[in-house]
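Here is a briefing on the disulfides of one model. Sequence and structure come first, then the details by topic.

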Amino acid sequence: MAPKKRIGSRVAATLWRVLGFLTVSALSGVLAASLAIPGVAAAGLAVSRSIIFFNNLPSELKVDPPSQATKVLTADGKPIATFFAENRVRVRLDQMSPYIRDAIVAIEDSRFFQHAGVDPQGILRAVAFDLISGGRQGASTLTQQYVTNVTNESLLSADKTDQVILSGQKSIGDKVREMKVAIELEKRYTKDQILEGYLNIVFFNRDAYGIEAAARHFFSTTAKDLTLPQAALLAGLVNSPSFYDPATHPENSLKRRNQVLDKMLSERKISHAEHDAAVAVGVDLKLTAAKQGCAAADIAPYFCDYIAHLILNNPAYGVDAADREKKLYRGGLTITTTLDSRLQGAAQAQVDATAGANPDKWGASLVSIEPGTGRIVAMAQNTVFLPEPGKFDTQLNFNVDSKDAKGNDLNGAGGFQPGSTMKPFTFAEWLNEGKSMVAVVDASRRRYPLDFPWKSSCGKVLGAYDTAQAALGAAEDLKNNDEGYYRRMPVNYGLYNSINTATFAEATQLDFCGIQKIVDAVGLHSGVDNAPVNMHQLGNLLGAIGVAPLHLANAFATFAADGRYCAPIAVAAVKDAGGRDLPAQVSECRNALKPEVARGVNSVLQDVLKRGSGIYIEPKVQNHVPAAAKTGTSNTNGATWVVGYTSGLATASFFGDTLAGQKRPGQNVTINGKFYKAVDGYMLAGPQWANYMLQVAGLYPAAPFPPPPASMTKP
């Protein structure tokens, strides 16, 4: 690199030559009619006044990193999706093929390494060409072009598209200012830095900004691996990306590429043999269309949408929505999520298999949480994200709340009635109050009048479960799924067989404020408006309010984690374009349940799969790994569940009505060619859960659940 003194002398000499040229041109009147830069002297300014005028022009150029694409990755580094306003991947100069560096200099500015930002010889040559031929020949150096690109990029990033000035639209003043900035820019940056900046910012195609994106788009390769004919073609493209587009105008592109090769030969950048071999090659495109956004996600489009909402609604990424959107689409972020691609693939395969041919548009979903961390490791559903002929499509995420990710956008289905999967939380309060898990309750009672003496230490009033609630959709009396269970029974037996009357019999002996605390502690809430699940409304003992699968899975993960609740997280790490860490999610964990309470629940929910309501689930997960689960079905069978877990993985499996209103009964329906008089949790959601867990549970090692204390098992 030249010493600073020599650079300064070269810059000064260039300035004097340019200003001298302007003065001479003014005296002769030549530049007054040309496209060059005559206006300064055309007004009759003397050299000294021209110098003063030129020196007073603004010379600062803020060179911010150009807009870059944001990458969203799985926890194991697999791509999920890319977000961009301009598809650009910044690379260093040493990560670019020498061919592209030589080609762009040869065709755009062969004296790039000799001038100091402005090339007087180039200007004179352009003026002479214009006068002789009557045409127009540009005289902008690569540095001047870089100035224009940086300026326009800043305007685009600031949403000032109306102020963007293209080369053919520049006034005399614009050109003079551009020259001044180019000269000053060369004082601040080396030639290699300017060349690197130019090749990273220049426009090649609406889907390719910068050389790396162009290499990927046109040739499915990298900037580093560009061959000579490929590099020459791309170098020729920047002059007119539309006219020389090799996909739409291959003949124009080929002719221009060969011009570049001729220029490289004349500049002695390549040999005759290299030139002739490159000219003999055809266009030979291998196009890779740029994909952006969640609709084009490689995997997990709904999880991708969930991630986007997390970023767009987080003040850490900008003071307002516009700032955060700019950060996501232009900031070049690398967002590493908690998603495990191994689990995601298995989950997607299972939900697709469960619904199969689905003309009636029944929904199926799976979501998995890692107990003790809150990490969301899988999120799948049986729909496509954007409309597609013959497909069940929706942008609503079945697994999350209506207004999820702390925002106001309606991106979730709002949850579904969890049915009997709510029963373990009443049982947890039973154990929390020191009662035995084998104590006997009277499950024969089916009606609780308005004046029934429920316990509520916090003063909240409870309703009744009788004809007074018929208007709310409740039965006139409490019913079980099967006859023969209206009798006295141990509470654990009532839970693993999912007996409604047993749950109510438990509740008669409990403080409803305690049940409320349990439900709140494990993070359950309405999927529609995020309000607490009001356990003083008796119907919620049996799951009358809609809950999102994500939060139901996480509540059961609390049992699996010995009573420790961790809020769900999806963003593990975020880095900006410069590799600096930005705020990610850190799960807020707390001790929600006493360990002995969680162990008591785990003990009984293991029996669900061994001898209770889940005994008919095939295949038998508990024969391969210690597992616990609870089945659930809404009153109309329109929402069916199995929420099950090992000590390493908790999963909510759902099948049911996901259309607006969610009022279709799951009765007298045909799914995958099989008729169901009434769909139950174990029938479709059960095998979906079991097949999935058998495939993936081993990836998150599961230890046997610790047994409950002996005092809990005494009558």
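Buried means under 20% relative accessible area, exposed over 50%, and partly exposed in between (1.4 Å probe, protein chains only). The model is predicted: local features need pLDDT of at least 70, side-chain atom pairs count only at pLDDT 80 or more, and totals for chains, interfaces and linings use all residues. Residues are numbered from 1 along each chain as its sequence is written, and side-chain values use heavy atoms, with hydrogens and water left out.

**Overview**
- The structure holds three disulfides (cysteine sulfur pairs within 2.5 Å).
- Counting bonded cysteines along the chain, the pattern is 1-2, 3-4, 5-6.
- Helices (H or I, at least four residues) and strands (E, at least two) are DSSP runs, numbered from the N terminus.

**Cys294 and Cys304**
- The S to S distance is 2.1 Å.
- Cys294 sits in the loop between helices H12 (272-279) and H13 (301-312), and Cys304 in H13, ten residues apart.
- The link is left-handed, with -80 degrees about the S-S bond.
- Both Cys294 and Cys304 are buried.

**Cys458 and Cys513**
- Their sulfur atoms are 1.9 Å apart.
- Cys458 is in the loop between strands E8 (440-442) and E9 (488-490), and Cys513 in helix H19 (residues 512-521), so the bond ties parts 55 residues apart in sequence.
- The S-S torsion is about -85 degrees, so this disulfide is left-handed.
- Cys458 is partly exposed at 45% relative accessibility; Cys513 is buried at 6%.

**Cys566 and Cys589**
- The S to S distance is 2.1 Å.
- Cys566 lies in strand E10 (residues 564-566) and Cys589 in strand E13 (residues 589-591), so the pair ties parts 23 residues apart in sequence.
- The S-S torsion is about 115 degrees, so this disulfide is right-handed.
- Cys566 is buried at 4% relative accessible area; Cys589 is partly exposed at 30%.
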